[in-house]
Amino acid sequence: EGGTRWNLINIYDGTPYEGAAYLQDKIEFTGLIVNAGLRVDFFNQNRDAPKLMFDPLAQLETTPGNITPELPGNPETERTKLQIAVAPRLGISHPITEKSVLHFVYGHFYQRPSWHKMFGLPVCNWSTDPDSSRNPWLQYAWVAEWQGVLGNPKLGYERTIQYEIGIDQNIANMLHLDITAYYKDASEQTVFREGNMYNPRYGVQ
């Protein structure tokens, strides 16, 4: 910026973990095949996150934990919570004729936001000295003064509910025609907002 050397550094502190388990069963009836499943996902940032996300370094004089205004202090923290998502899945197929099958699918799908969206804490180092530019604590400008993305430690899973209905048709044992209509309902999606510590806005779900 302005011909000087600068870089953005992200400092992450934590030992996050995540996992998933999935159960599925196939049930066959006369003229009906049912595939039912259940998936459970979980994750935890497993860290003490800043209690005030709009001033995570306690730079402002009014933020608890501030020591010197405009410089990082000792912000209050709180333990992040375990996030759990339960996703049912259901698939049904019904033969109409020997060569035609009607199928229906319903399912919940969850996706964890990237760790960057939760942990992100950009630091802008504007030093022109190659040695000090590697040390963000020497000459720096924090996110309140420069661009960057502050992580939101309260983010949970993004969710999509999907519906499908269609028909499979065997044409003269030579061609296979599959016509499917689907609908997706997305919610809890992460949205980025622009702002600063003096006029805070944040990414929500």
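I started with His 103, which I found in strand β7, residues 100-111. Strands here are DSSP runs of E, at least two residues, numbered from the N terminus. The model is predicted: local features need pLDDT of at least 70, side-chain atom pairs count only at pLDDT 80 or more, and totals for chains, interfaces and linings use all residues. Residues are numbered from 1 along each chain as its sequence is written, and side-chain values use heavy atoms, with hydrogens and water left out.

Is His 103 buried or exposed? His 103 is buried at 14% relative accessible area (buried is under 20%, exposed over 50%, partly exposed in between; 1.4 Å probe, protein chains only). Beyond its neighbours within four places in sequence, its contacts include Ile 92, Glu 164 and Asp 178 (contact: heavy atoms within 4.5 Å).

Next, the rings. I searched the whole structure and got 6 aromatic pairs (ring centres of Phe, Tyr and Trp, its six-membered ring, within 6.5 Å; planes under 30 degrees apart are stacked, over 60 edge-to-face, the rest tilted). Phe 43 and Tyr 157 are edge-to-face, because their centres are 5.0 Å apart and their planes at 75 degrees. Phe 43 is in strand β3 and Tyr 157 in the loop between β9 and β10, so the pair ties together parts 114 residues apart in sequence. Both Phe 43 and Tyr 157 are buried.

Tyr 106 and Tyr 163 are tilted, with centres 5.3 Å apart and planes at 50 degrees. That pair links strands β7 and β10, 57 residues apart.

Methods
Helix = DSSP H or I, 4+ residues; strand = E, 2+ residues; numbered from the N terminus.
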